[in-house]
There are 2 protein chains.
Amino acid sequence: MGGTDAAGATGRRQELIDAATGIVRDAGFGAASVKAVTARAGMSAGLLYTYAGSIDDVLAEVFRRCAGAELAAVDQAVLAVPAADATARLVALIETFADRALRGGRLAWALLVEPVGRAIDEERLTYRRGYADILAEIVERGMQDGRFPRQDARLTAAGLVGAIGEALTGPLSPLASEYDEADADAIIRAITQLCLRAVGAERIEEEP
Amino acid sequence: MGGTDAAGATGRRQELIDAATGIVRDAGFGAASVKAVTARAGMSAGLLYTYAGSIDDVLAEVFRRCAGAELAAVDQAVLAVPAADATARLVALIETFADRALRGGRLAWALLVEPVGRAIDEERLTYRRGYADILAEIVERGMQDGRFPRQDARLTAAGLVGAIGEALTGPLSPLASEYDEADADAIIRAITQLCLRAVGAERIEEEP
DNA sequence: CCGATCGTTGAATCGTGATTCAATGCCGAT
DNA sequence: ATCGGCATTGAATCACGATTCAACGATCGG
């Protein structure tokens, strides 16, 4: 056998997905053409079709994996907090999500808002709905416990997804331009406060 | 001269823009190809290039006009309310924006979130920033008057743009599926409450 | 060493829309 | 009636990326 594992342990399909993931992280889905992906994977363009149905197949898989990892991290962070404290769960969700987004380079942008084609838009819907579902559950519970005022939990959830996403990836956000590493905490705190107020959480930890 | 005004008063460029606007309203920018636009305008494809530099030129102009009209309507509604009452201004903004979006068919979706190419994405940035600017001013004023708690006005503004946009156009929103004409008011009310809470407005009109 | 097999290559082809431009039609002026 | 010039046509061309596939070459059993 030749080199390290060029065609060995990993498997061509995995190499394609890894290469595509790297490109998406660096530059978004728009840069993940057949040529770019196969070049990064160190193979010829045609070989993609031996190991995947199409470039959209590969990119959809990349989206599922990245989005799934983000969602899982957030879900885990939320579940680490007692369900009884809806406010703390909400804070955990926002902090985890925002922290990962701010440190993940272009990935959050690619997953949340980058214009992409049909194949991936459907994945995106699942992704956003995943967050909205978690949020809706938290809001529902908070209402039951009397922590949050009566409201349409699903609409609030959608609104929070939009608010967090826009604050983190929109044209006015730190991610759009350069931003100070040190600012990250301040930004996360501001988003958290915004969302806590939005659901009507009573206890809001103020900082001087 | 021949027909009504086929090549008369209106001007070819205007006809192109009108045709493109109609298509965007009906089906979004994705449907506004050269062929579709020129066909709707009743002229041949090639003529587009006599009266516009490119299809992107035409679509960017359509975007500017539609977005400008929406923004102007919202701005007008906001200015109709005394600046001293930041809460009322915020309500006016949301109600005007949401009402127009819910009644405007696909237009709101096209302007806010439809995936489009570069030429138009820059226009979109201006559009969203326009709303964010108005919102930031309202939030700023509300803080000065002690109606809203201390917060990062620009971040709140971005968050509100995201929340309103997602609630109205997101996968979880009424616009994604069919929705009852009668529900529109309830939706608008829910979004309003959400945003009022988000900025920390004290007086929130409850309804039983 | 020979041929079968299978992974691999990358140039040719396809698909989809935008864009160009030679040809045509239409008009008033002469 | 003929001419010059402007408006218009729409088929040909271009652009650009995805996709295909005939050809190549490494490996292995005999």
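Me: Let's start simple: what pattern does chain A follow, read along the sequence?
Reply: Keep in mind that this is a predicted model. Chain A has nine helices and zero strands. Reading along the sequence, the pattern is α-α-α-α-α-α-α-α-α.

Me: How confident is the predictor about chain A, and what does its pLDDT average?
Reply: One stretch to treat with care is residues 1–8 of chain A, where pLDDT stays under 50 and the model has four contacts beyond four places in sequence. Across the chain, 87% of the residues score at least 70. The average pLDDT of chain A is 88.

Me: Which domains does the assignment give for chain A, and how many residues of domain 2 are in contact with domain 1?
Reply: The assignment gives domain 1 (1–53) and domain 2 (59–199). On the domain 1 side, eleven residues take part in the contact, and by class they are six nonpolar, three polar and two charged. On the domain 2 side, the number is twelve.

Me: Where does Tyr51(A) sit, and which residues is it in contact with beyond its sequence neighbours?
Reply: Tyr51(A) belongs to helix α3 (residues 48–51) of chain A. It has 17 other C-beta atoms within 10 Å, so it counts as partly exposed. Arg12(A) is 39 residues away along the chain, yet the two C-alpha atoms are separated by 6.6 Å. Leaving aside neighbours within four places in sequence, the contacts of Tyr51(A) are Arg12(A), Arg13(A) and Leu16(A).

Me: How are the two copies, chains A and B, related?
Reply: Chain B can be laid on chain A with an RMSD of 0.1 Å, using a turn of 180° and a shift of 0.0 Å along the axis. The two copies are therefore related as by a two-fold rotation axis.

Me: Which residue of chain B comes closest to that rotation axis?
Reply: Going by C-alpha atoms, the closest approach in chain B is 1.9 Å. The residue is Ala198(B).

Me: Which helix of chain B gives the most to the side that touches chain A?
Reply: In the contact, 30 residues of chain B meet 30 residues of chain A. On the chain B side, α7 (118–144), α8 (153–169) and α9 (183–199) each supply at least two residues. That side divides into 15 nonpolar, nine polar and six charged residues. With eleven residues, the top contributor is α8(B).

Me: Why can we say the copies meet through the same surface?
Reply: It comes down to matching the interface residues of the two chains. The copies meet through the same surface because the share of chain B's interface residues that are also interface residues in chain A is 100%.

Me: Last one: which residues are the closest to DNA strand D?
Reply: In total, 17 residues surround DNA strand D. The closest are Ser33(A), Gly46(A), Ser54(A), Ser44(B) and Gly46(B).

Notes. Residues are numbered from 1 along each chain as its sequence is written. Chains are lettered from A and ligands numbered from 1 in the order in which they are written. This is a predicted model: local features need pLDDT of at least 70, side-chain atom pairs count only at pLDDT 80 or more; totals for chains, interfaces and linings use all residues. Copies are superposed by least squares on the C-alpha atoms of residues with pLDDT of at least 70 in both. Two residues are in contact if their C-beta atoms, placed from the backbone, lie within 7 Å. A residue is near a molecule or strand if its C-beta atom, placed from the backbone, lies within 6 Å of it. Domain bounds come from an automatic or database domain assignment. Ala, Val, Leu, Ile, Met, Phe, Trp, Tyr, Cys and Pro count as nonpolar, Asp, Glu, Lys and Arg as charged, and the others, Gly among them, as polar. Helices (H or I, at least four residues) and strands (E, at least two) are DSSP runs, numbered from the N terminus. pLDDT is the predictor's confidence in each residue, from 0 to 100. A residue is buried if 20 or more other C-beta atoms lie within 10 Å of its own, exposed if 12 or fewer, and partly exposed in between; C-beta atoms are placed from the backbone.
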